[in-house]
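Dear colleague,

I am passing on the model below, and my notes on it follow directly after. Please read them with the coordinates open.

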Amino acid sequence: MEGKEEDVRLGANKFNERQPLGTAAQSQDDKDYKEPPPAPLFEPGELTSWSFYRAGIAEFMATFLFLYITVLTVMGVSKDTTKCTTVGIQGIAWAFGGMIFALVYCTAGISGGHINPAVTFGLFLARKLSLTRAVFYMLMQCLGAICGAGVVKGFYGKENYEMFKGGANMVNTGYTKGDGLGAEIVGTFVLVYTVFSATDAKRSARDSHVPILAPLPIGFAVFLVHLATIPVTGTGINPARSLGAAIIFNKDEAWDDHWIFWVGPFIGAALAALYHQVVIRAIPFKK
């Protein structure tokens with residue numbers, strides 16, 4: 001018990017929180033954690049490393065499973081006109097949030113568990129990974145999403161799949177393109193900000209349970225954003241998810257607003273990276 005109490009004292013209570021406004025929580029010399037160095041823009045050694053390709057495969061498989069479960073859930077709700085025998089909007093939100101929770105838990109130790117080009121983009125801007133790895137992740141995520149949506153179409157058949165619009169993201173009736181863009185920006189900001197906060201090196205050092213619980217707040221963020229924005233855009237906040245469903249559905253209505261589901265998430269991710277790194281952590285973007 002004495003050892004445990006000492007760990008708590010050093011880890012959680014080492015620094016006095018009662019400090020004048022505007023001062024840092026501690027000096028650089030007294031840190032009880034190590035800030036990882038910024039990733040290089042290009043790292044040639046990655047291209048010859050099996051771990052690099054293994055991480056990409058993990059992103060592919062995770063995004064494949066993500067689209068398979070979530071689009072299948074969306075289709076199940078869409079095909080019932082009364083919605084009384086389906087899981088409804090809440091069930092769709094749980095499917096998206098629950099799958100992110102499970103898949104981030106499974107892949108975090110291999111690829112970081114991004115499963116979303118917007119998350120990858122935000123982490124790249126914060127220099128958490130190289131440009132090489134970021135591009136590779138995004139490519140594998142998009143391929144996985146296309147395959148996942150394709151399997152769902154195989155289950156339903158072309159006619160039924162197209163009848164229920166294939167789970168494709170669109171700005172719904174009664175909302176403008178500006179509304180849709182705003183919903184995607186704010187929704188992605190919530191998600192990416194949660195990712196930064198849940199994986200913060202400083203919090204990981206002080207609270208040993210944070211790395212274990214990191215997938216939980218990320219999954220809940222996805223769940224809550226879906227509850228709020230399904231009526232607006234069907235909720236994208238993930239360009240790979242939107243692209244996969246749009247390609248397999250492949251109708252003009254799926255492409256009319258498709259730019260929103262790339263521009264919105266990338267803007268939201270960039271704002272979240274800027275806010276967390278510069279405002280919350282006071283870490284300047286290094287050259």
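Just after α4, Arg 127 takes a positive phi of about 65°; helices here are DSSP runs of H or I with at least four residues, numbered from the N terminus. The model is a predicted one, in which local features need pLDDT of at least 70 and side-chain atom pairs count only at pLDDT 80 or more, while totals for chains, interfaces and linings use all residues. Residues are numbered from 1 along each chain as its sequence is written, and side-chain values use heavy atoms, with hydrogens and water left out.

Helix α4 itself, residues 117-125, is mostly covered, with seven of its nine residues buried (under 20% relative accessible area, 1.4 Å probe, protein chains only). These buried residues, among them Val 119, Leu 123 and Phe 124, pack against α5, α7, α11 and α13.

Glu 59 is buried yet has no salt bridge, the nearest side chain of opposite charge being Arg 133, 8.5 Å away; a salt bridge would need a side-chain nitrogen of Lys or Arg within 4 Å of a carboxyl oxygen of Asp or Glu, and for charge Lys and Arg count as positive, Asp and Glu as negative, with His and the chain ends not counted. Its side chain does make a polar contact with the side chain of Gln 141, at 2.8 Å (a pair of N or O atoms within 3.5 Å, one able to donate a hydrogen and the other to accept it, where residues adjacent in sequence count only if both atoms are side-chain atoms).

Best regards

How values were computed
Buried means under 20% relative accessible area, exposed over 50%, partly exposed in between (1.4 Å probe, protein chains only). Helices (H or I, at least four residues) and strands (E, at least two) are DSSP runs, numbered from the N terminus. Contact means heavy atoms within 4.5 Å.
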